[in-house]
Amino acid sequence: MSTNLNNNNEVSFVPPFLKKIFEYIKSTPVWKSIFRVGYPDTMPKRMAVMRSSFYMHIFPTKVGVHGMKIKYGWCMGGITFFLFLLLTITGILLMFYYVPEEHRAYNDMKDLRYVVPFGVILRNMHRWGAHGMVFTVILHMIRVFYTGSYKPPRQFNWTVGVLLLLITLMLSFTGYLLPWDQLGFWAVTVGTNMASATPLLGYEGPFSKYLGIQIDNDIRFALIGGTRIGPNALVRAYVWHCVGLPLIATALMIFHFWRIRKDGFSGPM
Amino acid sequence: MAETKTDAMISTQPGYDRMASWPYFIWVVLLCMFFITILIWTVSMFFNAPLEEAAEWAKTPNPAKAPWYFIGLQELLVYFDPWIAGVIIPNQILIGLILIPYVDTAPEVQGCYNYSRRKFQFVFFSFGIFLWFFLIITGQLLRGPSWEIYWPIIDYPLGGHEWTYPNQILKASQAKLHNLSLPVGITISVIGFIVGMTLPAIMFKKYFKELGIIKYSLVMTHVLLTLGVVGKILLRLVFGIKYVIVTPWFNI
C-alpha cells in the first residue's frame with residue numbers, strides 16, 4: 001500500500017512559534033519517555049508504534065486488506081466490543097445511584113430520571129446500548145456464518161463466540177429486572193418460570209418428582225433465591241449482572257480476541 | 001481432517017494481502033467508536049428508556065412478555081409445553097450452533113459470501129434465523145391479551161396504545177384442540193424420522209459419502225428437529241392438534 005510516506009507538499013496552518021513550542025515539547029525527555037517511537041511516518045515506525053504500545057497491541061501490526069472492507073466484515077464484532085465498553089462505563093456510573101433493595105430500587109430509577117444530573121441520559125444510553133449489543137452480536141454471528149469464517153483454523157473460536165452470545169443474552173436479561181418495575185418484574189417472572197419446567201431439575205418438568213424435586217429445591221429456586229421473584233432475586237440479578245457475568249464475558253473475550261489476533265481476519269484462501 | 005493453518009501459514013498465502021494497521025485500521029476503529037457513541041447518545045436524547053409502575057406481585061399484566069430476544073421462545077409456548085419451548089429448544093439451538101464448524105469442515109469456501117457452493121448451509125441457516133425473527137416479531141408485535149393475535153390496523157383502529165376499543169370484549173381462544181392417539185403419534189414420528197434420515201442419503205449420495213455417517217447423522221438430526229418444530233406449528237394451526245405424543249409423564 002502507501003509507498004510515499006514523506007509528503008513534501010504539506011500545507012501548514014500552524015504558526016511558526018507554535019511549531020517551535022511543539023518541537024521543543026517533543027524533544028523533552030518526559031515526552032520521549034511516554035511516546036517512544038515518534039510520529040509513525042515510515043513503515044518500520046508504523047510497525048513499532050503498534051508493537052511497542054500496550055493498548056495498541058490488541059491490534060496486529062499488519063491487517064489483511066480483504067478483512068478491512070466494511071462490506072465484508074460489517075464492523076459488527078468491533079461494535080459489539082465497543083458497546084460492551086460503553087455499557088461498562090455507563091453501568092459503573094449507574095451503580096453510584098442504584099441500590100438493589102426491594103423498596104429502594106424503583107425510587108432510584110425515578111431519581112435517575114428526575115433528580116440526578118444527566119441521569120436520564122445515562123440510563124437511556126445503558127438501555128439502548130444493551131439492546132444494541134444484543135442486536136450487533138447476532139448480526140456478527142450471521143456475518144461470520146455467511147462468510148464461512150468458522151472454517152479451520154477458527155472452529156473453536158466460533159464455539160467461544162456462541163458462548164459469548166449466550167452471556168450477552170444473560171447480561172441483558174439480568175439487567176431487565178433491576179429497575180424493579182412491572183415490565184422487568186413480569187418479563188423475568190415469565191423467563192424464570194421456564195426454568196421450572198426443566199426435565200429432572202425443575203419442579204414442573206418431566207420426571208423431576210422421582211428425584212424429590214419440589215418448588216423450594218429446584219433449579220428455578222437456585223436462580224432466583226426463592227419461590228417467586230423477590231428481594232433475593234433482585235440481589236442475585238444485580239450481582240450476576242454487575243460482577244459475575246461481566247467477569248465471565250471478559251475472560252471469554254480475552255480468549256476470543258487472542259485467537260483472532262493469532263489467526264488474522266478471515267479472507268479467501 | 002482439514003489441516004490446521006496457523007498465523008504464519010495464513011500470512012504467506014498468495015491471496016492474503018496485508019497492510020500496516022497504522023493509520024488506516026486505527027482510523028476505521030476510531031471513527032466507528034465516534035459514530036456509535038454519537039448514535040447511542042442521540043437516540044438517548046430523544047427516546048427515554050421504558051419505566052412502568054413499580055413492581056407489584058398482585059398486579060399481573062395481560063400479556064406479560066419476556067424481553068424481545070427471548071420472546072420467540074415464549075411464542076413457542078403456544079405450540080409446545082414449557083419444558084420443550086423453554087429448555088430443550090434453546091439448548092438444542094446452542095448445541096447446533098456449536099456443532100456447525102465441526103460438521104461443515106470443507107475448507108475451500110471461506111472468507112467470502114459464496115452462495116452457489118454452500119447452498120444447503122445458506123438455506124438451512126437463513127431459515128433458522130428467519131424462523132427466530134419471525135417468532136420474535138409475532139410475539140412482540142402481534143400478541144395481545146391472553147396471547148391472542150391482535151392485528152396492527154384491524155384491532156387498533158384509532159392507532160392508540162390500547163389493545164381494543166374501550167367497550168369491546170377481549171378476544172377469546174376459538175381453537176378446538178385435540179390430541180393424536182399414542183400409537184398414531186409414535187408411528188408418524190418414527191416414520192418421519194426414518195424417512196427424513198434415509199431419503200436425503202439416497203438422493204444425495206455424493207454428499208452423504210463426503211460427510212460420513214456421524215456428521216451426516218448430526219446434521220440431519222438438527223434439520224429434522226427444525227422441521228419438526230415447524231411441522232408441529234402447522235399441525236396446531238391447520239388441524240388443531242395439541243399433542244402428537246401423549247404419555248403419563250410428558251407430552252410432545
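Student: Among contacts in chain A between residues at least 6 apart in sequence, what share joins residues at least 24 apart?

Tutor: In this predicted model, the share for chain A is 58%. For chain B, counted among contacts between residues at least 6 apart in sequence, 62% join residues at least 24 apart.

Student: Which helices and strands does chain A have, and in what order do they run?

Tutor: Chain A has 12 helices and 1 strand. From the N terminus on, the order is α-α-α-β-α-α-α-α-α-α-α-α-α. The radius of gyration of chain A is 25 Å, well over the 18 Å given by the globule rule for 269 residues, so chain A is more spread out than a compact globule. Along the principal axes, its C-alpha atoms fill a box of roughly 80 × 55 × 30 Å.

Student: And how many helices and strands are in chain B?

Tutor: Chain B has 7 helices and 1 strand, and they run α-β-α-α-α-α-α-α from the N terminus on.

Student: What percentage of each chain is buried?

Tutor: Of the 269 residues of chain A, 39% count as buried. In chain B, buried residues make up 16% of 252.

Student: Is H1(A) largely in the open or buried?

Tutor: The number of buried residues among its 12 is 0, so H1(A) lies largely in the open.

Student: How many residues does each chain bring to the contact between them?

Tutor: A word on the general idea. The size of an interface is often given as the accessible area lost when the parts come together. Here we can count residues instead: 80 come from chain A and 71 from chain B. On the chain B side, helix H1 (7-11), strand S1 (18-20), helix H2 (24-46), helix H4 (82-103) and helix H5 (119-142) each supply at least two residues. The largest share, 12 residues, comes from H2(B). By class, the side of chain B that touches chain A has 46 nonpolar, 15 polar and 10 charged residues.

Student: In which sense do strand S1 of chain A and S1(B) pair?

Tutor: They pair in the antiparallel sense, over 3 bridges; the strand of chain A spans residues 62-64. Within this pairing, A:Val63 stands opposite B:Met19.

Student: What is A:Gly191 in contact with, beyond its neighbours in sequence?

Tutor: A:Gly191 lies in helix H10 (residues 182-195) of chain A. Leaving aside neighbours within four places in sequence, A:Gly191 is in contact with A:Phe173, B:Ala66 and B:Phe70. A:Phe173 is 18 residues away in sequence and 8.7 Å away in space, C-alpha to C-alpha. A:Gly191 counts as buried because it has 20 C-beta neighbours inside 10 Å.

Student: Where are the cis peptide bonds and the positive phi values?

Tutor: First, the background. Most residues other than glycine have a negative phi, and most peptide bonds are trans. In chain A, a cis bond joins A:Pro152 and A:Pro153, with omega about 10°; A:Pro153 lies in the loop between helix H8 (119-146) and helix H9 (155-177). In chain B, a cis bond joins B:Asn62 and B:Pro63, with omega about 0°; B:Pro63 is in the loop between H2 and helix H3 (71-76).

As for phi, A:Trp180 has a positive value near 60° and is found in the loop between H9 and H10 of chain A. B:Ser146 has a positive phi of about 55° and lies in the loop between H5 and helix H6 (182-203) of chain B.

Student: Are A:Trp180 and B:Ser146 buried or exposed?

Tutor: A:Trp180 is buried, with 26 other C-beta atoms within 10 Å. B:Ser146 counts as exposed, with 11 C-beta neighbours inside 10 Å.

Student: What are the confidence scores of the model?

Tutor: The mean pLDDT is 90 for chain A and 85 for chain B. Over residues 1-6 of chain A, pLDDT stays under 50, and the model has 4 contacts beyond four places in sequence for them. The model scores ipTM 0.89 and pTM 0.90.

Notes. Residues numbered from 1 in each chain as written. Chains lettered and ligands numbered in written order. Predicted model: local features only at pLDDT ≥ 70, side-chain atom pairs only at ≥ 80, totals over all residues. Helix = DSSP H or I, 4+ residues; strand = E, 2+ residues; numbered from the N terminus. Contact = placed C-beta atoms within 7 Å. Nonpolar A, V, L, I, M, F, W, Y, C, P; charged D, E, K, R; others polar. Pairing = 2+ DSSP bridges. pLDDT = per-residue confidence, 0-100. Rg over C-alpha atoms; globule rule 2.2 N^0.38 Å.
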